[in-house]
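These are my notebook entries on one protein, written up in the order in which I looked things up.

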Amino acid sequence: MSTGSEPLGRRFTVLMGCLLLSSLGNGLCFPFTAIYISELLGLGSGSAGGYFIAMAAASFAAALLGGPLADRTGPHRVGALGGTALGVGYALLAPADGTPLVLASGACVGVGFGLFYAAIVGVVDGAVPESRRRTAFTVRHIVNNVGIGLGSVIAGLALAGGGTPTGTLRWLYVANAVAALPLVAVVHALRPRRDKAAEADPESTAAAEAEPAPGYRALLRSGPMALLIAAQALFAIVGFTQIEATVPLLMHDRMEVTLVWVSAVVAANSFALVLLQPLGRRWFERLPETVSLAAGPVLWVLAFGCGLLAAVLGSAGGPVLRYGLLLAFAVVFAAGELSYSSAFYPLLLRWAGESSAGRAGALASLAWNLGTASGPPIGLFIVTRASAAGSWTALAIGAAVAFGVSAALHRSAARG
């Protein structure tokens, strides 16, 4: 019988190492793609917009198809196919000199994202003992963020030292494509838990597989699952996209915070994810998963409250108090991220079951994409029309709405 003290294992460690490399590759490029296409390649904003539209449309379609495919053929196969498509898509941008190749790259990257994120839930779950799901998904969240952050720093240094930004970026896209290859190989080699169970008990496994897996409609007819998917979209809208897109602009334009301090606050959030993980994991994993999920937006309300205090006090409180509150915002927000990551995917797997893990992962991916597409415009709309204090208050209200949905999820799960 597995226990919570079981090690995560060598397979998971190798998987996370390859994910770190792949995320680092993504960080090399993704902040600069729109600039690269529209300005450096001279193709204009229309081509840059077309790239992202092609990516979004292809990702949506691929996720819907990839979920059932992962359930039938195994998440490791679909995840490897998605990783390959990502690598090809990034590689196509390196020699791009016209709109057709740019659009092909966007479509290929979208297919890669859709397939990979429909499969990654089952891939991570198959790499660890069942009792370590919560820790595994928390570590995966941290590794992904740290990799992107490191990649962005490396790209900034490379571009600062390079004489021709276009040529440097072309090589960065090649590096991004190459960085995906180890992850593709490792994901393809990771067999899902049900394959190992089939070897131990083939008759029971065959009987279970003979029953049709619940489809998308059946999953969403479950009250807790529908609320969980809604919560995923809300967490992206009111939380993750706001710290990435809205908060830096809010600090710089509405609070006259220098770019150096904006970078320091963003970096503090990334470092806090790593430093808080050992303590946070022990604390959050003592809580029921639905309680841990609801704790995330509560912590975000507190974090945005720190930002509000920094705005209200302004220069009257002195720079130490002001910047201390902004750093506190970054740290408390990171604690909310850890609370979310330790609970969301374990709940998703438990309520969907392994036979529908791919479909559930696809629904989570679609909800996340919806949130990341709508969150920045909403946040930027608020910041451009409200004061600093009003903007922080609006962000806190948004997090409170997310708490309301996660609290309803907790009640629904308790009734079930």
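Predicted model: local features only at pLDDT ≥ 70, side-chain atom pairs only at ≥ 80, totals over all residues.

Entry 1: Residues are numbered from 1 along each chain as its sequence is written, and side-chain values use heavy atoms, with hydrogens and water left out.

**Entry 2: overall form.** I found 17 helices and zero strands in the protein; these are DSSP runs numbered from the N terminus, with helices being H or I of at least four residues and strands E of at least two. The radius of gyration is 21 Å, close to the 22 Å that the globule rule gives for 416 residues, so the protein is as compact as a globular protein of that length. For that radius C-alpha atoms are used, and the rule is 2.2 Å times the number of residues to the power 0.38. Taken along the principal axes, the C-alpha atoms fill a box of roughly 70 × 55 × 35 Å.

**Entry 3: contacts.** Among contacts between residues at least 6 apart in sequence, I noted that 85% join residues at least 24 apart, a contact being heavy atoms within 4.5 Å.

**Entry 4: aromatic rings.** How many aromatic pairs does the structure hold? I noted 20 of them, where rings of Phe, Tyr and Trp (its six-membered ring) pair if their centres lie within 6.5 Å, and planes under 30 degrees apart count as stacked, over 60 as edge-to-face and the rest as tilted. Phe240 and Tyr340 form an edge-to-face pair, 5.2 Å centre to centre with 65 degrees between the planes. This pair links distant parts of the chain, since Phe240 is in helix 11 (residues 223-254) and Tyr340 in helix 14 (residues 318-341), 100 residues apart. Both Phe240 and Tyr340 are buried.

I then turned to Phe304 and Trp392, whose ring centres are 6.3 Å apart with planes at 45 degrees, so the pair is tilted. Phe304 belongs to helix 13 (residues 289-313) and Trp392 to helix 17 (residues 388-415), 88 residues apart. Phe304 is buried at a relative accessible area of 0%, and Trp392 is buried with a value of 0% too. Ring pairs link a cluster that includes Phe240, Tyr340, Phe304 and Trp392.

Entry 5: Is Ser391 buried or exposed? Ser391, which lies in helix 17, counts as buried at 1% relative accessibility, and it touches Leu250, Ile382, Val383 and Ala386, not counting residues up to four places away in sequence.

Glu256 is in the loop between helix 11 and helix 12 (259-284) and counts as exposed at 69% relative accessibility. Its phi is near 55 degrees, a positive value in a residue other than glycine.

Asn369 has its place in helix 16 (residues 357-385) and counts as partly exposed at 29% relative accessibility. I also noted that the C-alpha atoms of Asn369 and Gly114 are separated by 9.7 Å, although the two residues are 255 residues apart along the chain.

Definitions and conventions:
Buried < 20%, exposed > 50% of the residue type's maximum accessible area, 1.4 Å probe, protein only.
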